[in-house]
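Subject: Handing over the two-chain model

Hello,

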Amino acid sequence: MGTLGGGKYETQMCIAIIEDLYGKIVGKVAETLLKESCQLKTLEFKLKGQVTPILIRKSLTTLINFGFVKFFMDSNRKSLYIVEPNAIRHVLSAPRACLIAKTLYGPDAEAICEELFSQGKLTCSNAIRRVQARDEQASLMNLKKSFTDLANSQFIIRNPKVEGELHGIPQFETVFDAFVMPNEIMDMSERKETEEGGSRKRKIGEKVDGDVGEYWRLNWNRFDAYLRDEIIVEFLIGGTNASTSEDKTHQIVSQTCHLIFKLNELRCSSLKPANVENFTASTYDIVKMAKENSIQLSKADIDLSCHILCDESDGIVRRIGDTSGGLYQIDVKRAIRLICRAHLESLIREQLDQKAIRIMHLLEVRHYLDEEQVEKQSMMSAKEAREMLYALVEEGYVFTKAVGRSGDFQPARTIYLYYLDLKKTVQGLVEYTCKLIRNLILRNSFERKENKHLLDKDATVGPIVEGIKGNEELDEESKLAQIAEVEEMYLPGPDRLQLDKFRKAQACLLASQDRSAKVLLAFKLFLNQ
Amino acid sequence: MAQIKQELINPGEAEQQVLQIVEAAADGIDMDALTALTAALQPIERQNAINGLLGSKKLTIQQAPGGVLRLKVNTGQQIGGTPEEQAIYSLIEESKTRGIWIRELRDGTGLNQLQLRKTLRSLENKKLIKTIKAVGTTKKCYILFGLEPDMSLTGGTFYSDQQLDSELINTLISVSGSYANSRRKHAIDSNPNDIQLQREASYIRPQEIADFISEKRVLNVPLSVEDLEKILDVAVLDGTIERRADGKIRACPPRVSASPLVSVPCAVCPVVEDCRPGYSISPETCQYMKQWLDGL
């Protein structure tokens, strides 16, 4: 995905995310770099009097560690720092990414993803060590297996090793397998004398892991691709929901749908950003896939599901041949387009009226129409149609094209044709969504600040209650009485209510943020196709 | 000097001959062509014959484009009024159901405004013509009293008093939609085990909806299938029904899922443009957000 085209609110959203994670100073540095990529000296000059050079350096390290800032050697042989807004956007999907890891590979995988996300990047040994520190029950075997699972399914990726430096700028290895597990982990062997790591500070003879310097991070391209498939499947299944009211059929269709997208998953490289290329799947492949994943689906079921999908998906799934039991094409481009359109329509329905959607559909079918044609073909009164068109133009959902009867484009001799341009509209919607997410983040951090004293109190109560529960000298009844007493002392009724309310509000804000991030991904995919 | 014996032709015969020739020409005939066809007649005889026919209103003279005068059989109805009345009446009659505008009448007859008004009023009083207001314009049009105005003037079934009857259209759209929907439900319920049959049975012909509408007397006037097709087109645009290639229609499954974008108050916030962090309208202090979060 290109980094081009970050608008005003996209930038503001990125800053809000950074500030939310690392505070105002790092936010300020990111903001300055977002406005214009520059060298360290320039950055220090720009932030003179606001941030001390030492803090700028620290902030930059943080940003680079988390992959939000990249550096390149410019023509002056100095490193140029560039912000990656898309990398910052991925922070929004982080909880979702951990959930995906959990659903696919269990709680250990989730813990590994959480550690990788919260630390930016970690060596395999350190990641496992950190998880073990959190949860003593996690066995090394299981953790290692989860790590291998994640690496094999390409949900995590290894960063290139530092090979040396040129003009003071680290150079990375270019040819390496990004998904292969290190052979020796957590062995803490004696550092070999021959190994020239480049870290002079480290004492010779210090014990290090076998995989030192091999840092792993979450592979966002892979998560994007997974989320893309999830969005499309959701759209497809949601669409056929009502017609196949029967639960069994619905289930079969949904399973088939998942299998089709899983097929594609295996074929795509996740080194590249998530794409919107069409792909094909044959019945034979799906049957094989079902067997491999031990899903109970007969060939007849799959045939039926594919048939239903073809009929009900509005052209997303198409039968294109009879090879190996029936060849189906999944039009990902169309799917993303329809999803964006559905979001747009939902928005218009809230902001304007159902009739505005009628006009949108009309313009979609007929392309360029003047006011009178819209009025006639949508069967609305002249006044209604005009008002609706003007509102649509104002919101940026419909555009006008002036066709002059004479060269001077004199208004009386000019016809204004209305037309749709979904790409242009979605560009506006990206900004809108970014603003919305920014607002959610700001509101969330504000609520957190407002209720800080309650959270602190709750944090104090927790250990006390635990202590009482663990006290073996007391019987159950007096335990409960004591717990109630402590709770009442620290967090009286109204405070407790307020805390519950805050927790609910926070959950709601985060849920909205997660859903909006998915929409944003759909919009971005549409714009990048 | 030898005298050429002139054949005497009586005026009646000449008139007959001229009339036959003019009748044969559908678009009328100009003077040169008529002269060539009636070479046997003396100029004076031809002239008399034509004048006689014009006088008895069997023929008329019309100006064709390019200024050529043409003789034509007078097909217009004779109203027995003044010549002005007759001229105006003929023009209106010619315009058929499309009606004719007052300026076109003035250009066509060459009468002045005052005469024209007077004549039109007298014709209206005699209940020979009537005025019609066209849809979407303020133009007044004249048509013959006994005619129904054209669709382009009235706008069709969905217009009353020159205004689009939005109420009626909305009713028809929702009636069609709910009928298709009930048929779809019925199709699914009656074929619980066969999806193919469910789908096939939920498609209905537009005529079925038309029958339903006339049976339930939703409309006072009969609804033609063409008019219903128009309504269905709009319903397709609305996304309530879908049309198959063979013209059959069925109800679309309702899309219940609203976009996450609209679940946040910012979607319909009237002051979203002025919202900035740290200002008096800001996401931190937003009242809409407060209401939203309080309502959980």
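This is a predicted model: local features need pLDDT of at least 70, side-chain atom pairs count only at pLDDT 80 or more; totals for chains, interfaces and linings use all residues.

Residues are numbered from 1 along each chain as its sequence is written, and chains are lettered from A and ligands numbered from 1 in the order in which they are written.

Chain A as a whole

Chain A contains 21 helices and 15 strands, where helices (H or I, at least four residues) and strands (E, at least two) are DSSP runs numbered from the N terminus. Its C-alpha trace spans about 85 × 65 × 60 Å along the principal axes. Of the 529 residues of chain A, 35% count as buried; a residue is buried if 20 or more other C-beta atoms lie within 10 Å of its own, exposed if 12 or fewer, and partly exposed in between, with the C-beta atoms placed from the backbone. Two residues are in contact if their C-beta atoms, placed from the backbone, lie within 7 Å, and among the contacts in chain A between residues at least 6 apart in sequence, 63% join residues at least 24 apart.

The domains of chain A

The domain assignment, whose bounds come from an automatic or database source, divides chain A into domain 1 (8–83), domain 2 (91–186 + 209–218), domain 3 (228–330), domain 4 (351–420) and domain 5 (426–528). The C-alpha centres of domain 1 and domain 2 of chain A lie 25 Å apart, and 9 residues of domain 1 of chain A are in contact with 6 residues of domain 2 of chain A. On the domain 1 side, α1 (8–22) and β2 (69–73) of chain A are the elements that give two or more residues. By class, that side has 5 nonpolar, 3 polar and 1 charged residues, where Ala, Val, Leu, Ile, Met, Phe, Trp, Tyr, Cys and Pro count as nonpolar, Asp, Glu, Lys and Arg as charged, and the others, Gly among them, as polar.

Strands in chain A

An open sheet of 3 strands in chain A has the order β1-β3-β2, with antiparallel pairing; two strands pair if DSSP finds at least two bridges between them. Because β1 (38–39) and β2 of chain A each have a single partner strand, they stand at the edges, and one side of each is left without a neighbour in the sheet. β2(A) is joined to strand β3 (residues 79–83) of chain A by 5 bridges, and A:Lys70 has A:Ile82 in β3(A) as its bridge partner.

Elsewhere in chain A, strand β6 (residues 162–166) and strand β7 (residues 169–172) pair in the antiparallel sense over 4 bridges, with A:Leu166 standing opposite A:Ile169 in β7(A). β6(A) and β7(A) form a hairpin with 2 residues between them, and A:His167 in the turn has a positive phi of about 50°.

One residue to look at

A:Met388 is found in helix α17 (residues 382–395) of chain A. Is A:Met388 buried or exposed? A:Met388 is buried, because 23 other C-beta atoms lie within 10 Å. Leaving aside neighbours within four places in sequence, A:Met388 is in contact with A:Leu352, A:Asp353, A:Lys355, A:Ala356 and A:Ile359.

In chain B, 3 strands form an open sheet in the order β4-β6-β5, and the pairing is antiparallel. The edge strands are β4 (100–101) and β5 (129–133) of chain B, each pairing on one side only. β5(B) pairs with strand β6 (residues 140–144) of chain B over 5 bridges, and B:Ile129 stands opposite B:Leu144 in β6(B).

Between the chains, 31 residues of chain B are in contact with 38 residues of chain A. On the chain B side, α8 (166–190), α9 (195–202), α11 (225–238) and α12 (287–294) of chain B each supply at least two residues, and α11(B) gives the most, with 4 residues. The residues of that side divide into 22 nonpolar, 5 polar and 4 charged.

With best wishes
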